[in-house]
Amino acid sequence: MTHLVLLSHHLNATYIQNIHCDTVTIAVTKAQFETHRYHKKRIVYHLAAAFHFAAEHDIPILYEPTWADILSNLPSEDEFIVYEPVEWSMKQDVWDAFMADGRHLTMRPDLNFMVDDILMELGDPPFKLDPLYRRWRHRFNILIENGKPVGGKYSYDAANRKRPPKTLDVREPLMFPADAITTDVIRMVEDDFRNHPGEAGDFQYPVTRDDALLLLDHFIAYRLERFGTYQDAMMENRPFMVHSLLSAAINLGLLFAAEVVRDVEAAYRNGAPLEAVEGFIRQILGWREYIRGVYLRMGKDYKQKNALGHHRPLPGWFYDADVDLNCLNTTISETIGNGYNHHIQRLMIIGNLANLIGVRPLEVNNWFNEMYIDSFDWVVTPNVIGMALYADGGVMSTKPYISSAAYINRMSNYCKSCKYDPTKRTGANACPVNALFYHFLDRHRERLASNPRMTYMYANLNKLDENTRDELVDYARQFIRKQ
Ligand SMILES: Cc1cc2nc3c(=O)[nH]c(=O)nc-3n(C[C@H](O)[C@H](O)[C@H](O)COP(=O)(O)OP(=O)(O)OC[C@H]3O[C@@H](n4cnc5c(N)ncnc54)[C@H](O)[C@@H]3O)c2cc1C
Ligand code: SF4
């Protein structure tokens, strides 16, 4: 008998239809939620989606402490097939368990990535997204007409960076109140994972394919139009801004990346603005594919990289948001509440501040793995180690994504209700982000000052008189010491 064992992120009928198999089981281990102290909402998402998929397709589900327990419930004579997890550790765990038990196992490539020869495509570091994205647009014939990009340009990135409006006139994303299955899962998670961060009780994300499709349709109908304009903007009390909230549904397999890309491309033909459609497609056909490639290419030790030599421990407010910088307080309160932040909050608030303070990259990586409903090590690690922290020394980015308060003030309304003044560098109520920014530049001068993309930042630093520079460094050091 050929026996397909589906993992909790392969929850799509296509995985079953794609191969010949006699029987199917869904396998979820409690141990997979214990490799990190995962946010309760992430665990609910995985379990509720798996139990719903099992019920909808009438497939048995095994939720057991470990893989050894799963295998003790599966017939020993079967030939097993598992779709390959991207994560090194999960792949190893599954493989080791089957081998230790003397089972016959074949691993098949995952179906939820568009570029199946990603390692060949990526080439050698430094990895550049732009040429790959252009090539993939042609390869998959997305937003291409007569061999040319629709509208004449491949990227409308520059149009995606508008400041936040005074009030955001965009509908909130659809939410899905918990049904009986999800309610049972919530109770179980609150019991079994009570020491994990976050709350599970108000879980409202889509855990079935039908609901995920509704979320996608609603996004396309009511929110995509503004995605192009306000993709990088941040506002208090609008945690989801104009973003799709689809990452977890895609990463769990409820939706396939390729179908999301096609549906959004179709929206362009139905009148959606090109800069919104292209901007969104670039995130999936561009970033998501590229990120997986970097993870695979950089190997198991990628998360250990620490090119800037940062060794400070993660401040406690990463877990309770007890910090008086409004940008951090707002963003991390949303992380704890929702298990979600949009991209710019992850990159330019949390990643930025962790880097300016000099937190050890592995600790930051672990936190990002723990706290988000959509987290998987393959997507966290390149985004944190490569993109947010520059801990790989430039494998992914040409310069660190750091900023002073000026960027945060331009792209959010957080500074308006903050006790600090974003325009002040020193003195009473001066924004600590400014001091931390100059301190970062000062302590990494040797490594970064010759980087052509940082000339402007160093020119500004060099313009400061010595007293101001000393004051800034003192203020930053005091701030860091208090964390
Ligand atoms: C430090 C850091 C950590 C991150 N951790 C995760 C993570 O654990 N899981 C995760 O799925 N994404 C992660 N991302 C990428 C991105 O922030 C999230 O995919 C996005 O915020 C999810 O929200 P959304 O679905 O509303 O996205 P939208 O803004 O609506 O974007 C649409 C889709 O594009 C894809 N996407 C966008 N940016 C990226 C990216 N940089 N890498 C990979 N896919 C991308 C996602 O599938 C997303 O659903 C991280 C980014 C940073 C900077
Ligand atoms: S003033 Fe400074 S600390 Fe306050 S929200 Fe703005 S950037 Fe953050």
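## Basis of the description

Because the model is predicted, local features need pLDDT of at least 70 and side-chain atom pairs count only at pLDDT 80 or more, while totals for chains, interfaces and linings use all residues. Residues are numbered from 1 along each chain as its sequence is written, and chains are lettered from A and ligands numbered from 1 in the order in which they are written.

## The open sheet

Five strands form an open sheet in the order E3-E2-E1-E4-E5, with parallel pairing; strands here are DSSP runs of E with at least two residues, helices are runs of H or I with at least four, and both are numbered from the N terminus. Two strands pair if DSSP finds at least two bridges between them. Strand E3 (61-64) and strand E5 (104-108) are the edge strands, each pairing on one side only, and the twist from one strand to the next averages 30°.

Strand E1 (residues 2-6) pairs with strand E4 (residues 79-83) in the parallel sense over four bridges, and Val 5 stands opposite Val 82 in E4. Helix H2 (residues 40-57) packs on the sheet, where it touches strand E2 (23-29) and E3, and its direction makes about 160° with that of E2. Such angles run from 0 to 180 degrees between N-to-C directions, and axes are lines fitted to C-alpha atoms, for helices over the stretch in contact.

## The shell around ligand 1

Of the 27 residues around ligand 1, those that come nearest are His 243, Ser 244, Ser 247, Gln 283 and His 343; a residue is near a molecule or strand if its C-beta atom, placed from the backbone, lies within 6 Å of it. Helix H17 (377-388) is among the helices that each supply at least two residues of this shell, and H17 gives the most, with six residues.

## Two helix contacts

Helix H19 (residues 432-443) and helix H21 (residues 455-463) pack at an angle of about 105°, with their axes 11 Å apart. That makes H19 roughly perpendicular to H21, a term for angles of 65 to 115 degrees, whereas those under 35 count as roughly parallel, those over 145 as roughly antiparallel and the rest as oblique. Tyr 438, Leu 441 and Asp 442 in H19 meet Met 457, Tyr 458 and Leu 461 in H21, where contact requires C-beta atoms, placed from the backbone, to lie within 7 Å.

H12 and H17 pack at an angle of about 85°, with their axes 8 Å apart, and are therefore roughly perpendicular to each other.

Methods:
Contact = placed C-beta atoms within 7 Å.
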